[in-house]
Amino acid sequence: LHSPKAQLETVFQSYFSFYMPVTLVAREKQRLYRYRLLAIEESAGQNVWHVAAARRSPKSIPWGELWIGEEDGSVSKIQIDQTSIVGFENLAQKAVEKGLLPAITTIHEYGLTRDGMRFPSKTTFIESYQSYEASAHHPRAAAAGQRSAFERSRTYFEYKDHLFFSVST
């Protein structure tokens, strides 16, 4: 079906990519999270701390994993836990009603550096689902609870042509 000027229908919107590092690691926000070092990895010749940030209370705040530069403490990537995405509960409920388990991946990348600050360069949403195969043709797979996975959508928000300016009074 071809519709001129059709609106893109998507479940995902990227509102807070710019503020996500501050939301997860700012001094005044740290009391809301428990942090755990998962690994020390190498990225672009630099050591990067792979850290899990878990919320301490059931408040509606994002949580997930961060990649933080060992040398300068800057956040280079954040992967948000799917259960902290606004609207995930509704999406998951609809999926479960159809016999599916959602696997939503949200990644924010901070690849642009200017004057010692990192800015968003890309946000990726991957909407995948797993379903149980309960086919008469595969009784052993159904009995074992074997799942098949499929990717429904992959959406990229690429940030470029940033405008930098100074304001003085």
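**Exercise 1. Where does Asp115 lie, between which two strands?**

Solution. Let's begin with the position. This is a predicted model, and in it Asp115 is part of the loop that runs between strand S6 (112-114) and strand S7 (117-119). Next, look at the backbone: Asp115 is not a glycine, yet its phi is positive, at about 50°. As background, most residues other than glycine have a negative phi. Finally, check the surface: the relative accessible area of Asp115 is 72%, and the cut-off for exposed is over 50%, so Asp115 is exposed.

**Exercise 2. Find Ala44 and decide: is Ala44 buried or exposed?**

Solution. Start with the loop between strand S1 (33-43) and strand S2 (46-55), where Ala44 lies. Ala44 also has a positive phi, of about 55°, although it is not a glycine. With a relative accessible area of 78%, Ala44 is exposed.

**Exercise 3. Describe the ring pair of Phe125 and Phe157.**

Solution. A pair of aromatic rings is described by the distance of the centres and the angle of the planes. For Phe125 and Phe157 the centres are 5.7 Å apart and the planes make an angle of 85°. Planes over 60 degrees apart count as edge-to-face, so that is the label for this pair.

Now place the two residues. Phe125 belongs to strand S8 (residues 122-132) and Phe157 to strand S9 (residues 147-158), so their pair ties together parts that are 32 residues apart in sequence.

**Exercise 4. Which ring does the charged end of Lys77 sit over?**

Solution. Look for Trp67: the charged end of Lys77 sits over its ring, 4.3 Å from the ring centre.

**Exercise 5. Work out where to read the model with care.**

Solution. First take the whole chain: the average pLDDT is 84, and 83% of the residues score at least 70. Then turn to residues 134-139, where the pLDDT is below 50. Beyond near neighbours in sequence, this stretch has three contacts in the model. Where pLDDT is low, the predicted coordinates should not be read in detail.

Key:
Residues numbered from 1 in each chain as written. Predicted model: local features only at pLDDT ≥ 70, side-chain atom pairs only at ≥ 80, totals over all residues. Heavy atoms only, no water. pLDDT = per-residue confidence, 0-100. Contact = heavy atoms within 4.5 Å. Phe/Tyr/Trp six-rings, centres within 6.5 Å; stacked < 30°, edge-to-face > 60°. Helix = DSSP H or I, 4+ residues; strand = E, 2+ residues; numbered from the N terminus. Lys NZ or Arg CZ within 6 Å of the ring centre and 35° of its normal. Buried < 20%, exposed > 50% of the residue type's maximum accessible area, 1.4 Å probe, protein only.
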